[in-house]
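Thanks for asking me to look this one over. Here are my notes, written for someone with the model open on screen.

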Amino acid sequence: MQITDLRQSKQRYPHFLVAFLLAIASSVLSHPLHACGLVRIAINSSAVTEIVSHIDKAMLRGAFNCDVIFKPSEVVSTEYFWMITEKPPHVIPLIWSDSLNKTDNSRARYTGAKKLGSVFQFGLRQGFWVPRYMSRALPKLATIEGVLSHPEFFPHPTNKTRGAFFGCPSTLNCGITSRQMYKAFAMAESGFEYVEPDSIDQLFQSLHEAYEKGNGWFGYLWEPTSALGEHDMTRVDEGTDTNAVKWISQIQTVANADPERNRYPLLHADTYVTNGSELDALVLKYLTRRTFPAHVFSHLLSWKKVQNASAREAAQYFLRQYEVIWSNWVDFDSAGRVRNALMKEENGASVPIP
């Protein structure tokens, strides 16, 4: 009888343990962390910044019970973000630091703006790209020398005797650098004509049309973009290293008529907090750890475009599809609260998801 009772107790014990652990988990999820206070997050019309802002809002509300509001302002997307004076945002989720470094940083230091971390892992690639189906068929097309030796693989849309290099719209800084790189690599002498799109949409459309037909395409792209999320592309190796000094003096200067070959540098986007924020320590830790793989964000932009979704919907899509990423930004209990909020929203309950 004793043996039987012992076996029964061993059988019951695991069930009791499971029930005990579930009770603890339920208690943790049902009692949110103390309110972290008000957090003002900057937001603008840039698709990338909008999505990051909405993800931050959802994470801070769900994980730490913060009272989050958006501070709409176009100025935060430029190097003049520190000029905001009336109720400035506590958090500036994305600043293109490469542009910031070209300006007078003393103004940023004066306001005490502090960089917390990188928005994207390892920096963002920019440069020359070709469809991967081309580099797979002919591996040398993954190099600039291979591309330049075959202009016939990249037909110009209106001049069939020339190859086409699709640059960036002239209204953007990349319009200057792509035209200077066209000169630096003597693409005209290799049989390529520079094609300047009127807009980013037109640039992406040229790639989309080539991809649909299985044609060649050679041009400038950068991460993250919906184009790289939608199409499998190969970045073309320039065959040289980045020379930062000459990049500024020759590639970023349209007046330089004879630039030397250079390599596209990585782009950097960082998160800042403004002076006197006094944000909760857990919020600061989250903002320091929050970083995205570039290819994932390109996919997110592509999904948003295809679905004609809002930035809020794109943020919710990310939170549901990429828990393996965002769960590393917070501790175990905080991740559980975000997960619980998402599950409640799916069931129609009112929860703090933006």
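1. Some ground rules come before the details. This is a predicted model, in which local features need pLDDT of at least 70 and side-chain atom pairs count only at pLDDT 80 or more, while totals for chains, interfaces and linings use all residues. Residues are numbered from 1 along each chain as its sequence is written, and side-chain values use heavy atoms, with hydrogens and water left out.

2. Let me start with helix H13, residues 311-321. Helices here are DSSP runs of H or I with at least four residues, strands are runs of E with at least two, and both are numbered from the N terminus. The buried residues of H13 are Ala311, Ala314, Ala315, Gln316, Tyr317, Phe318 and Leu319. Buried stands for under 20% relative accessible area, exposed for over 50% and partly exposed for anything in between, with a 1.4 Å probe and protein chains only. Among the elements that cover these buried residues are helices H2 (47-64), H12 (294-307), H14 (323-326) and H15 (332-346).

3. How do H2 and H13 pack? Their axes lie 8 Å apart, at an angle of about 60°. Axes are lines fitted to C-alpha atoms, for helices over the stretch in contact, and angles run from 0 to 180 degrees between N-to-C directions. The two helices are therefore oblique to each other; angles under 35 degrees count as roughly parallel, over 145 as roughly antiparallel, 65 to 115 as roughly perpendicular, and the rest as oblique. From H2, the contact (heavy atoms within 4.5 Å) takes in Glu50, Ile51, His54, Ile55, Ala58 and Met59, and from H13 it takes in Ala311, Arg312, Ala314, Ala315, Phe318 and Leu319. By class, the residues of this contact are 9 nonpolar, 1 polar and 2 charged. Nonpolar covers Ala, Val, Leu, Ile, Met, Phe, Trp, Tyr, Cys and Pro, charged covers Asp, Glu, Lys and Arg, and the others, Gly among them, are polar.

4. H15 is another partner of H13: the axes of H13 and H15 come within 11 Å and cross at roughly 120°. On the H13 side you will find Arg312, Gln316, Leu319 and Arg320, which meet Leu342, Glu345 and Glu346 of H15. The residues of this contact divide into 2 nonpolar, 1 polar and 4 charged.

5. Back in H2, have a look at Thr49. Is Thr49 buried or exposed? Thr49 is buried, because its relative accessible area is 4%. Beyond its neighbours within four places in sequence, Thr49 is in contact with Asn44, Pro93 and Leu94.

6. Gly127 sits in strand S5, residues 126-131, and is buried, with a relative accessible area of 0%. Setting aside neighbours within four places in sequence, Gly127 is in contact with Gly219, Tyr220, Leu221, Arg235 and Tyr264.

7. Finally, how many disulfides are there? Taking a disulfide as a pair of cysteine sulfur atoms within 2.5 Å, the count comes to 2. Cys36 and Cys66 form one, with sulfur atoms 1.8 Å apart. This pair links distant parts of the chain, 30 residues apart: Cys36 is in the loop between helix H1 (2-30) and strand S1 (38-43), and Cys66 is in the loop between H2 and strand S2 (67-72). Cys168 and Cys174 also form a disulfide, with sulfur atoms 1.9 Å apart. Cys36 and Cys66 are buried, and Cys168 and Cys174 are buried too.
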